[in-house]
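The following exercises concern a single protein chain. Please work through each task before reading its solution.

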Amino acid sequence: MKKQISFLFMLLAFLSCVQKQETSIETITVEIEDFQDKELEMNDFISDASTILLYADSLGYIGQIKDMCVVDSFLYVLDGVTASLTQFYAESGKQKSTICRRGNGPFEYIQPVALTSDGQYLYLLDLPGMSIIAFDAALQGVKEVSLAFPCMDFVKTDDGFLCYNAAPTEDLGRIVYVDNEGKIGDSFLPGNGGMPYSPGTKVFVKNSRDEIFINLPFSRTVYQWNCSKKQPEEYLVFDFGGKNIPADADLNRMNVFEEPYVVPSTFFQVGDTSLYSFLYAQKRYYTVVSPEGVQVGVVPEDSECPFFPQWQVGDKLAGTYSAPFPETTEDDGGEVLSLFLLK
C-alpha cells in the first residue's frame, strides 16, 4: 500500500509539472538605458514590510548570514563565520537550537556554503567536502549525497538537485543536474575553462510555486528551469545598451566594478513580478518587471528598515542588518531580519 501511495504522489507531482511547463518558456527582453538619477519608492512595488529580531542565547550571535531557508514554522540560518546552523522560530525569531559539525565524519562538513529545502528536509551544501547533507527538522543528519565536482550553490528539484559548478569544463557545464543520489544526469551552459569570482549573490531562486530561476554571476540573462523538459530556458534578458559588459570581456582579469559597465546582481521572482538589481557608478538600482510594465531606479535609504534583499523565502524577500534590540530585552543587539512582499 505504501508503495502505491508513493507512486501516486510521484505521478501527481510529475503531471503537475507537465501542466505548468509543457511548452517552452517565452523569453522576454527588457531594455534599460535611461536609468541614471531615477528613484524608485518602496511603496511603488512593495505591499508589505516587516522585521524579525533574531534572538540568540548563550550559544552565541550570528556572525554573518551566509544563507537561510524555511521548513514549516522554522527558519534555518547558516553562519558564514562560525559554520554553524541555527534554528529559529520563524514567527518570534527566538532561537531553538544550533549545531556546528565541522569535521570529516558522518553528517559533518568542512565549509558549508548554501541551504535549500523540499519542505520536509533541510539540505546543506559543503563546498570543499563536495557533498550534500540532509537534516530533519530537529537538525539530525539523515542522509549524505556525494558530488563529483565542487559546487558553490544548489537548489532542490522534484527529483534531484541543480548545482552551480565551480569548475566548469567543455564536458561539464556551469549548471549540473544530479539525482537524489548525486549521479550526474546532465549539464548546461558550457564553461570557458575558468569561472569569474562570485559577487556573493544566490544563483538559484525558488518561489512558492516551486518555480526555479537561475541567475549566473555577472550575467544579463535569467533562466527558468523547465521541469518537464529538464533543462534551463531563457526567461528574461536585460539589455543596458552601451553599458553592457562586453561579451568578450575576461572577467578573471578585470575588475568590472571599476569599469563603466552595469554589473548585474540579484534576482527574485514572486508570482508574475520580477525584481532585478544591478550596480552602476557605485549605486544599486532595482528593476521591477510586472504585467503592468517596467520600473527602474535607486531605492532611497531608509534608516529604520534598509531595503537590501539577499534571499527569497517562499514569496518573501529577505535581508538583514545589525541593530540594537529594544530596551525590554536582555540582549544588547544583533541581527534583524527584514522581510518584503512584492505587489
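**Exercise 1. The surroundings of Phe-35**

Setting aside neighbours within four places in sequence, identify the residues with which Phe-35 is in contact. The model is a predicted one.

Solution. Step 1: a contact requires heavy atoms within 4.5 Å. Step 2: with those near neighbours left aside, Phe-35 is in contact with Phe-240, Lys-243, Val-262, Phe-278, Tyr-280, Tyr-285 and Val-296.

**Exercise 2. Aromatic pairs**

Classify the ring pair of Phe-35 and Phe-240, and then the ring pair of Phe-278 and Tyr-285.

Solution. Step 1: a pair of aromatic rings is described by the distance of the centres and the angle of the planes. Step 2: rings pair if their centres lie within 6.5 Å, and the chain has 19 aromatic pairs by this rule. Step 3: the rings of Phe-35 and Phe-240 have centres 6.4 Å apart and planes at 80 degrees; the pair is therefore edge-to-face, since an angle over 60 degrees counts as such. Step 4: this pair links distant parts of the chain, for the two residues are 205 residues apart. Phe-35 belongs to the loop between strand 1 (28–31) and strand 2 (46–53), and Phe-240 to the loop between strand 18 (231–239) and strand 19 (263–270). Both Phe-35 and Phe-240 are buried.

Step 1: for Phe-278 and Tyr-285, the ring centres are 5.3 Å apart and the planes are at 10 degrees, so this pair is stacked; the cut-off for stacking is an angle under 30 degrees. Step 6: Phe-278 is buried, at a relative accessible area of 0%, and Tyr-285 is buried at 2%. Step 7: ring pairs join Phe-35, Phe-240, Phe-278, Tyr-280 and Tyr-285 into a cluster.

The charged end of Lys-156 sits over the ring of Phe-161, at 5.1 Å from its centre.

**Exercise 3. Buried or exposed?**

Ala-83 and Gln-282 each have a positive phi although neither is glycine. Decide whether Ala-83 is buried or exposed, and do likewise for Gln-282.

Solution. Step 1: phi is near 60 degrees in Ala-83 and near 65 degrees in Gln-282. Step 2: Ala-83 lies in the loop between strand 4 (74–79) and strand 5 (85–89), while Gln-282 is placed in the loop between strand 20 and strand 21. Step 3: the relative accessibility of Ala-83 is 3%, so this residue counts as buried, the limit being under 20%. Step 4: Gln-282 has a relative accessible area of 85% and is therefore exposed, the limit here being over 50%.

**Exercise 4. Distance in sequence and in space**

State how far apart Leu-317 and Leu-342 are in sequence and in space.

Solution. Step 1: Leu-317 is located in strand 24 (residues 316–324) and is buried, with a relative accessible area of 0%. Step 2: Leu-317 and Leu-342 are 25 residues apart in sequence, and their C-alpha atoms are 8.1 Å apart. Step 3: Leu-342 is one of the residues that Leu-317 touches beyond four places in sequence; others include Phe-268, Val-270, Trp-311 and Phe-340.

A second example is Leu-54, in the loop between strand 2 and strand 3 (65–71). Leu-54 is buried, at a relative accessible area of 4%, and its C-alpha atom is separated by 7.3 Å from that of Gln-95, 41 residues away along the chain.

**Exercise 5. Cysteines and the whole chain**

How many disulfides does the structure hold, and how many helices and strands does the chain have?

Solution. Step 1: a disulfide is a covalent bond between the sulfur atoms of two cysteines. Step 2: the structure holds 0 disulfides. Step 3: Cys-69 counts as buried at 10% relative accessibility, whereas Cys-100 is partly exposed at 47%. Step 4: the chain has 1 helix and 25 strands. Step 5: of its 343 residues, 48% count as buried.

Terms used:
Residues numbered from 1 in each chain as written. Predicted model: local features only at pLDDT ≥ 70, side-chain atom pairs only at ≥ 80, totals over all residues. Heavy atoms only, no water. Phe/Tyr/Trp six-rings, centres within 6.5 Å; stacked < 30°, edge-to-face > 60°. Helix = DSSP H or I, 4+ residues; strand = E, 2+ residues; numbered from the N terminus. Buried < 20%, exposed > 50% of the residue type's maximum accessible area, 1.4 Å probe, protein only. Lys NZ or Arg CZ within 6 Å of the ring centre and 35° of its normal. Disulfide = S-S within 2.5 Å.
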